[in-house]
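This report concerns the arrangement of strands and helices in one protein model. Please consult the sequence and the structure shown below while reading.

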Amino acid sequence: MTRRPLCLLCLALMLFLCVADRAGLPLIRGNPVPENTASWIEKHPQATVCGEVLQTTENEFTQSIYLSNAYLIYQPKKNQSEKNQSKKISIENVKVFFKKKEEVPVGTVVLVSGKLERVEEKRNPGEFDSQQYYATQHIFYFMKKAEILEKSKNYSVYRQRMNQLREYLGSVLEKISGKESGIFQAIVLGDKSSLDKEVKLRYQVSGIVHVLAISGLHISVVGMGIYNLLMKTGMGIWPSGIISLFLLLQYGIMTGGSVSTMRAVCMFLIAVGAKITGRIYDLPTALAVSAVMLVGDSGAYLYSSGFLLSFSAVVGAGVVVPAITRNGKKKPVLALISSLGVQLTMLPVSLYFFGEVSLAGIFLNLIVLPTVGILLGSGVLGLLTGCANYKVGSVVILPGRILAEVYDELCKLAGNLPIGTWIAGQPRLWQVAVYYVLLAGAVAVLTYKDAGKGKIFHKRKEIQNEKPQNRKIWNEKRQNSKLQNHRLPNREIHSAGKKNGFERNLAGRRITALAVMGIALLILTWRGPEPFSITCLDVGQGDGIILHTPQENCFLVDGGSTNKSGVGQYQILPYLKNQGISRIDGIFVSHTDQDHINGIQEILELTTMNLNSVKIGCLYLPKWKNPPEAWRKLEALAMTAGIPVRKLESGNQLKAGKLRLNVLAPFPEASGSDVNEDGMVILAEYGEFRGLLTGDIGEETEKKLMVQGLLEDVDFLKVGHHGSHYSTCQQFLDTVRPEYAFISCSETNTYGHPSPEVVKRLEEAGSQICFTMKNGAVSVCWEKGEIAVKRYIEG
């Protein structure tokens, strides 16, 4: 490390940023806009912004642009004399969504008006952090429903041509690659907008989604291909290197400049620069330089999953894999160990952000990594020939299309495996730190050698990497150097190494390293005992409730939303994986309104396609005499997925360890004509704890439950119908007297939820109220007679 000062600089920079973040400085996350301006924007969302168009994106339904160096124009009313004085303040970059499609070339300066909103923060454990993702691009605000007030006539011809070139090349790929066009556009152009959602999910579940991102392998194939081609034409090292560097930079810009692309381009620049100047390429140093450049541009990269996964993969391939494959002989075994080494290096990052890792991916990569160059090469060559003739391009790209079909079949096979994915949950930061310390220790054990041998090996490595003419000069100098006296023949070096006890016991060192990694894995995946909990996820305007016991039983009660799409894939399943929950014992559907079932429907659909790694035990539906179509569709989906279905009514009880779920409604006469009033009501009992889940029932059903004597004093209440004034009547509250009450609704709902009257009644009843619209996911936990409430967002 002392011979690599840039690596030390990189570590020092990252440590400084982490300390600054802990101290509250907005270098990694947070809003860099002054507090008074942020407050003004929150109170006056209709705003005017001016900036330069950096990028445009559009699909069939929407168009958006990225504005760089944007500033807000506003009129702060400090006093009467200043009320008409407009001011400008920088808000860095802004993503603008238009009401209708506009003609805005890249480089145009525009004045736009619309609703300015802070990028939404993460509201549930395990959920994708949009705020952090956009912070890496210096974007902290979205402008929605925007329209252009003014725009300049001038624009960047070069950047606009690059944008048009990308669109043209995408259209060529679409014509020559058929149904695999989305895959080739992602691999060759870095454009995933045309990628089929099911294909992307299949690659993710199978652990080979990295194939769909432009990475070091892609850059090396394209860059070194250009470099070698130029060298064969007779160009020297300097012209070939400079031209290949220039073309790779343009390629990186054209493909969108993702973190993996820019990291790979930066490392390629250093590698070619080393060739040009006759220097030795050092992977750790190149990696450190790339990291410093990216983090220096945006500190938010330090908390970015893409950044950390990209760099950990390179560290695994360049540092860990060489250590664990030393002295290996059998290529198939070496390939498997190499794949495992990369996965071990990426494991903490994968678990921290996603809570799961693909075990099937370890084996699939044995096939994918050696062949992905063929896929990329045929895509690039097919694209180049396709620009001249579509038919020729279709023939050239055919090997890649066949390979893409093979990958798809392998992914399907991996999805059918019962243990293809390991869900371990999110580790804590201290666990990640300890793991990497132990991993470094294991690598040190495997690569240990005495100082003399290390120096000789290092000098030999330098000789091998030198250009031929420089190597001759160095050998001449070496003849008169002291190093000649220390240089030993290979056999003597081997014998000298044997004299060292640690070097002699190679098998012992491997066993030691294996034991260290076993301890590291145990520490990383250890989860302490957790209390019984009921968690209301923030799914917007809807419900998504998860019951989890210390005995690892888990139940989902409802799951849907009317103002958020994909709550099953983006809120419910990520939360379960984040908590290390690999199985839902039962899914309860209180009733069939979309804000309670569309997430469940999505989960069932993913399960039928083998794209859901969380297993499902049973689907529980309310027992109705004449159920609606939505009820029947859920039943059919569950049966298709091989999930048993049970119908429940008042009087049914389910037990799971210490947990008892008592069904209080629907009543036997329920027809399902009024899905709210005929909905399922559940009383959850765990030890002395009692929680009541009421779905969307109203005052009518509440009174029926009281008349039949089914209600009692409870500790927790999931407030009915999102806090509607038609529910939670005074008599009902006087009976159940909840100590804690949760209301699940969206801040932007149009129904007036929660009703002020209901909130007031709950407060007067002495209930402690939590709102998902204010606190994100909220949990009530019971352990050893004590009740605690956890809010994901305090305030």
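This is a predicted model: local features need pLDDT of at least 70, side-chain atom pairs count only at pLDDT 80 or more; totals for chains, interfaces and linings use all residues.

Residues are numbered from 1 along each chain as its sequence is written, and side-chain values use heavy atoms, with hydrogens and water left out. Helices (H or I, at least four residues) and strands (E, at least two) are DSSP runs numbered from the N terminus.

An open sheet of 8 strands has the order 16-15-13-11-10-9-24-25 and mixed pairing; two strands are taken to pair if DSSP finds at least two bridges between them. Its edges are strand 16 and strand 25 (786-791), each of which pairs on one side only. From one strand to the next, the twist averages 20 degrees; for angles, axes are lines fitted to C-alpha atoms (for helices, over the stretch in contact), and values run from 0 to 180 degrees between N-to-C directions.

Within this sheet, strand 11 (residues 554-559) runs parallel to strand 13 (residues 586-588), and 3 bridges join them. Leu-556 has Ile-587 of strand 13 as its bridge partner. Helix 24 lies across strand 11, strand 13 and strand 15, at about 125 degrees to strand 11. Helix 25 also packs on the sheet, where it touches strand 15 and strand 16; contact here means heavy atoms within 4.5 Å. The direction of helix 25 makes about 160 degrees with that of strand 15.

Strand 15 (residues 619-622) and strand 16 (residues 645-648) are parallel and share 4 bridges. In this pair, Tyr-620 stands opposite Arg-646 of strand 16. Together with helix 25 (residues 629-640), the two strands make a right-handed β-α-β unit. A crossover is right-handed if, with the strands pointing away from the viewer, the path from the first strand over the helix to the second runs clockwise.

**Two helix pairs**

Two packed helices are described by the angle between their axes and the distance between the axes. The table sets out these values for two pairs.

| Helix pair | Angle | Axis distance |
|---|---|---|
| Helix 24 (residues 594-608) and helix 25 | about 25 degrees | 9 Å |
| Helix 6 (residues 197-206) and helix 15 (residues 398-415) | roughly 60 degrees | within 9 Å |

Helix 24 packs against helix 25 at about 25 degrees. This angle makes helix 24 roughly parallel to helix 25; angles under 35 degrees count as roughly parallel, over 145 as roughly antiparallel, 65 to 115 as roughly perpendicular and the rest as oblique. Helix 24 passes helix 25 in a left-handed crossing, a term that applies if the near helix is turned anticlockwise from the far one by less than a right angle. The residues of helix 24 in this contact include Ile-597, Ile-600 and Leu-604, and those of helix 25 include Leu-634 and Leu-637. By class, the contact of helix 24 with helix 25 has 7 nonpolar, 3 polar and 2 charged residues. Ala, Val, Leu, Ile, Met, Phe, Trp, Tyr, Cys and Pro count as nonpolar, Asp, Glu, Lys and Arg as charged, and the others, Gly among them, as polar.

The axes of helix 6 and helix 15 cross at roughly 60 degrees. That angle makes helix 6 oblique to helix 15. The crossing of helix 6 past helix 15 is left-handed. Arg-202, Tyr-203 and Ser-206 of helix 6 meet residues of helix 15, among them Tyr-407, Asp-408 and Lys-412. The contact of helix 6 with helix 15 divides into 5 nonpolar, 1 polar and 3 charged residues.

Strand 20 (residues 689-693) and strand 21 (residues 716-718) run parallel, joined by 3 bridges. Leu-693 stands opposite Lys-718 in strand 21.

**Backbone features**

The peptide bond from Ala-665 to Pro-666 is cis, with omega near 15 degrees. Pro-666 lies in the loop between strand 18 (659-665) and strand 19 (681-686). Another cis peptide bond joins His-753 and Pro-754, with omega about -10 degrees, and Pro-754 is in the loop between strand 22 and helix 28. His-138, a residue other than glycine, has a positive phi near 60 degrees.
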